[in-house]
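Please open the structure in your viewer and keep the selection panel at hand. The tour below moves from one selection to the next and says what is there at each stop.

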Amino acid sequence: MSEAEDRIGELRELLRKHAHAYYVLDQPSIPDAEYDMLYRQLEELEAAHPDLVVPDSPTQRVGAPPASLFGSVRHRAAMFSLDNAESPDDLDAWAEKVERSLGRPPGGFVCELKIDGAAVSLTYENGVLVRAATRGDGSIGEDITANVRTIKSVPLRTIKPAPDVMEIRGELYMPVSEFERLNEEQAAAGDQVYINPRNMAAGSVRQKDPAVTASRNLAIWTYQIGFQVGGPTFATHWESVEYLRDLGFPYNPESERVPDLDEVKEFVAAAEKTRHGEGGHDYQTDGVVIKVDSLAEQDELGYTARAPRWAIAFKFPPEERTTKLLDILINVGRTGNVTPFAKLDPVFVGGANVGMATLHNEKELQRKDIRIGDTVIVRRAGDVIPEVVGPVLSERTGKPRVWRMPATCPFCGHPIVTPEGEARAKCTGGFICPSRLREWLFYFASRGGMDIEGLGYKTVDLLLQEGLIKDAAD
Ligand SMILES: [Zn+2]
């Protein structure tokens, strides 16, 4: 071996180790500048010795677009979908079936946060990533290797010797911070914004140019060995994911192994409280996957035609649903701000029936290209005001009407103006504007500014209608 070859091998190992600490463990082991220096050294040596360049070198993540896009890949073991549970009762029913089938309660469960991203299968041969594929129909997926190689928490080579062949399952996802950053960029460039992190993750792995995927900073949690030739055998799922961690794969540290169903339910309840990242995670979860831990018990339980009997996906109540946008109306707030809002075909979302949702302002509406008559995605999370996230363009039919801010206020007839450099339009009618007066009175009453209990919208409306109050001084 030449001196250059030795040094190249050494640098690759160092970079792999530091990248693992940074991207997988989230515990940087050296300053960025030092990492960059090592990386440049490797690049220079490889440039001087092109014959020594190998595909799993840390410098080779972003390659040229592949000649043939998204060829089909047959999974060595089917990628099943999971049956769903939507309530604690559903969990009870599932656990009963498991117990009946085994003739005893299972030895324990593993709870894993369910991330709403894109499922992926990674194939490693002797520790080197050779293929990445989408789930597809479960048997055959699409080859997305060139794009997945660019994701920095996906090891190109394991950090320890690995089995001859391994197919590993994981979920690619878009960190929330990345989602927001990219959408700001898209908007600034006048491009279409993405509706949610899941859409963006799925769109990002199907880019024609791997460099575009690389710029998106996707991340991954692996969660299962789907197929394996050689290497150790395991008694439990937990052991197998610990092994994945040892090899350098990211496995979500929030996962827990619990002894019984009561603790499963506790995990689920706690996870729902932090589903938007309240625990400090940079991802959204839409549920919890619960697996029987013992692999012998998993074998005993087996599969139905479409799903394993040993696992179930608990889904949190949906916070996004689609519905018809019937009309766009405006409201004049207490400070005179004019806000467009959507009149919707009512839909049950986030635990409530929603018939109206905010559209923020005209600029936002144009940016999202929302039109009257569109099928739209409505989001309601926690106590936040429901909002229209965006149109479902694939369901747009006919000629949906583009909405424009009216020139005059429909309540008072005064001009509506948008001050220079501001997104919000304003009604110039002052307190003559009944909509503004109504909002102002409501605000005033609700803040205890007036000693009138129960002065709700209805009362305010009635008083205004009857001409009983004209302005707040009354
Ligand atoms: Zn007005």
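**The zinc site.** Bear in mind from the outset that this is a predicted model. Select the zinc ion together with Cys409, Cys412, Cys427 and Cys433, whose SG atoms coordinate the ion at 2.2 to 2.4 Å. Along the chain, these donors follow the spacing C-x2-C-x14-C-x5-C. What arrangement do the four donor atoms form around the zinc ion? The angles they subtend run from 95 to 119°, and the arrangement is therefore tetrahedral, given that four donors count as such if all angles lie between 85 and 135 degrees. If you colour by accessibility, Cys409 counts as buried because its relative accessibility is 2%, and Cys427 also counts as buried, at 8%.

**Helices H1 and H2.** Next, select helix H1 (residues 3–24) and helix H2 (residues 32–48), whose axes come within 10 Å and cross at roughly 145°; the crossing is left-handed. To see the contact itself, display the side chains on both helices: H1 contributes residues including Ile8, Leu11, Leu15 and Tyr22, while H2 contributes, among others, Tyr35, Leu38, Leu42 and Leu45. Colouring the residues of this contact by class divides them into 12 nonpolar, two polar and four charged.

**Helix H8.** Move on to helix H8 (residues 237–247), where His237, Trp238, Ser240, Val241, Tyr243, Leu244 and Leu247 are buried. Which elements cover these buried residues of H8? Select strands E3 (109–115), E7 (165–173), E8 (219–229), E9 (256–258) and E10 (285–292), and then helix H10 (295–301), all of which are included in that cover. Before leaving, inspect the residue that follows H8, namely Gly248, whose phi is positive, near 105°.

**Glu320.** Finally, centre the view on Glu320, which lies in strand E12 (residues 320–332) and is partly exposed, with a relative accessible area of 25%. Leaving aside neighbours within four places in sequence, the residues in contact with Glu320 are Asn196, Val349, Ile377, Val378, Arg379 and Val389.

Methods:
Residues are numbered from 1 along each chain as its sequence is written. This is a predicted model: local features need pLDDT of at least 70, side-chain atom pairs count only at pLDDT 80 or more; totals for chains, interfaces and linings use all residues. Side-chain values use heavy atoms; hydrogens and water are left out. Donors are N, O and S atoms within 2.8 Å of the metal (3.2 Å for Na, K and Ca); water is not among the atoms, so sites may look incomplete. Four donors count as tetrahedral if all angles lie between 85 and 135 degrees; four count as square planar and six as octahedral if opposite donors are over 155 degrees apart and all others between 65 and 115; anything else is irregular. Buried means under 20% relative accessible area, exposed over 50%, partly exposed in between (1.4 Å probe, protein chains only). Axes are lines fitted to C-alpha atoms, for helices over the stretch in contact, and angles run from 0 to 180 degrees between N-to-C directions. Helices (H or I, at least four residues) and strands (E, at least two) are DSSP runs, numbered from the N terminus. A crossing is left-handed if the near helix is turned anticlockwise from the far one by less than a right angle, and right-handed if clockwise. Contact means heavy atoms within 4.5 Å. Ala, Val, Leu, Ile, Met, Phe, Trp, Tyr, Cys and Pro count as nonpolar, Asp, Glu, Lys and Arg as charged, and the others, Gly among them, as polar.
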